[in-house]
Amino acid sequence: MIAAVTSSSLPIVLGVTGASGLIYAVRAIKFLLQADYPIQLVASKAVHQVWQAEYGLTLPMQPDKQELFWREQAQVWEGSLTCHRPTDVAAAIASGSFRTLGMVILPCSMSTVAKLAAGLSSDLLERVADVHLKEHRPLVLVPRETPFSLIHLQNLTQLAMAGARIVPAIPAWYHRPQTIEDLVDFVIARALDQLGLDCVPLQRWQGPLS
């Protein structure tokens, strides 16, 4: 007998691209794993350069070593985390028959946005995002760029019309953040809200303070 697949056991695909702001990916991994959500992670080739530029660290290419790398950065050892090579377009997550809760790309570069808007799938990350669009599954993009050019805005609009949800990396201040992590976590919480997930500690808006 084939075991039934429940929504709680379905993985979340986390895409990480070469935009600045890898802290968003690290913090998302931390909260998802702590909440016991399985993660299928694929980082684009450019992410290796960003790790060097932002932290002076080298992201391993081998999936098993990359898993340990992300866990070390997030400081979480429990939970299921599976990493994929960006060139492995034959990976299970590249198929529409592979079920997921949805996909979040954070940070999301404008290059990735442009390729997705044009329907291009030159690597695994782009292919999986394209699959989520065609299967009408949640696809959440967290663009980290400023200012936006007209081309950026048109591409984001095209993706929104195709069903993607756009959550720019813009924090709020009503929760009275005290640290950079507080600002980062607000963006992550709002992105995961789009998948119906509530695993980030966040003081949500309750109305004006008396």
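Figure 1. Tyrosine 55 is partly exposed at a relative accessible area of 41%, where buried means under 20%, exposed over 50% and partly exposed in between (1.4 Å probe, protein chains only). Tryptophan 51 is buried, with a value of 1%. Both residues belong to helix α2 (residues 46–55) and sit 4 residues apart, about one turn of the helix. Helices (H or I, at least four residues) and strands (E, at least two) are DSSP runs numbered from the N terminus. The structure holds 5 aromatic pairs; rings of Phe, Tyr and Trp (its six-membered ring) pair if their centres lie within 6.5 Å, with planes under 30 degrees apart counted as stacked, over 60 as edge-to-face and the rest as tilted. The pair of tryptophan 51 and tyrosine 55 is tilted, at 5.0 Å centre to centre and 45° between the planes. Ring pairs join Trp51, Tyr55, Phe69 and Trp70 in a cluster.

The model is predicted: local features need pLDDT of at least 70, side-chain atom pairs count only at pLDDT 80 or more, and totals for chains, interfaces and linings use all residues. Residues are numbered from 1 along each chain as its sequence is written, and side-chain values use heavy atoms, with hydrogens and water left out.

**Figure 2. Aromatic pair of tyrosine 174 and phenylalanine 186.** Tyrosine 174 is partly exposed, with a relative accessible area of 37%, whereas phenylalanine 186 is buried at 7%. The ring centres of tyrosine 174 and phenylalanine 186 are 5.8 Å apart and the planes stand at 85°, so the pair is edge-to-face. This pair links distant parts of the chain, 12 residues apart: tyrosine 174 is in the loop between β6 (165–166) and α7 (180–193), and phenylalanine 186 is in helix α7.

**Figure 3. Crossing of helices α1 and α3.** Two packed helices are described by the angle between their axes and the distance between the axes. The axes of α1 (residues 22–34) and α3 (residues 63–74) come within 9 Å and cross at roughly 90°, which makes α1 roughly perpendicular to α3. Axes are lines fitted to C-alpha atoms, for helices over the stretch in contact, and angles run from 0 to 180 degrees between N-to-C directions; under 35 degrees counts as roughly parallel, over 145 as roughly antiparallel, 65 to 115 as roughly perpendicular and the rest as oblique. From α1, Ala25, Val26, Ile29, Lys30 and Leu33 meet Trp70, Arg71, Gln73 and Ala74 of α3. The residues of this contact divide into 6 nonpolar, 1 polar and 2 charged; Ala, Val, Leu, Ile, Met, Phe, Trp, Tyr, Cys and Pro count as nonpolar, Asp, Glu, Lys and Arg as charged, and the others, Gly among them, as polar.

**Figure 4. Surroundings of leucine 33.** Leucine 33 lies in helix α1 and counts as buried at 1% relative accessibility. Not counting residues up to four places away in sequence, leucine 33 touches Ile39, Arg71, Val76, Glu78, Gly79, Ser80 and Leu81, contact meaning heavy atoms within 4.5 Å. Cysteine 199 is 166 residues from leucine 33 in sequence, with a C-alpha to C-alpha distance of 9.6 Å.

**Figure 5. Residues listed by UniProt under "binding site".** The unreviewed UniProt entry lists Gly18, Ala19, Ser20, Ser44, Ser109, Met110, Ser111, Thr112 and Arg144 for this feature; positions are given in the numbering used here, feature names are shortened, and annotations may be inferred rather than shown by experiment. Glycine 18, in the loop between β1 (12–16) and α1, is partly exposed at 27%. Serine 44 occupies the loop between β2 (39–43) and α2 and is buried at 10%. Arginine 144, in the loop between β5 (139–143) and α6 (150–162), is partly exposed at 27%. Beyond four places in sequence, arginine 144 has contacts that include Ala19, Ser20 and Tyr24.

Figure 6. A cis bond joins leucine 106 to proline 107, with omega about -10°; proline 107 is in strand β4 (residues 102–108). The bond from threonine 146 to proline 147 is also cis, with omega near -10°. Aspartate 36 has a positive phi, near 65°, and is exposed at 55%. Phi of histidine 136 is positive as well, near 60°, and this residue is exposed at 72%.
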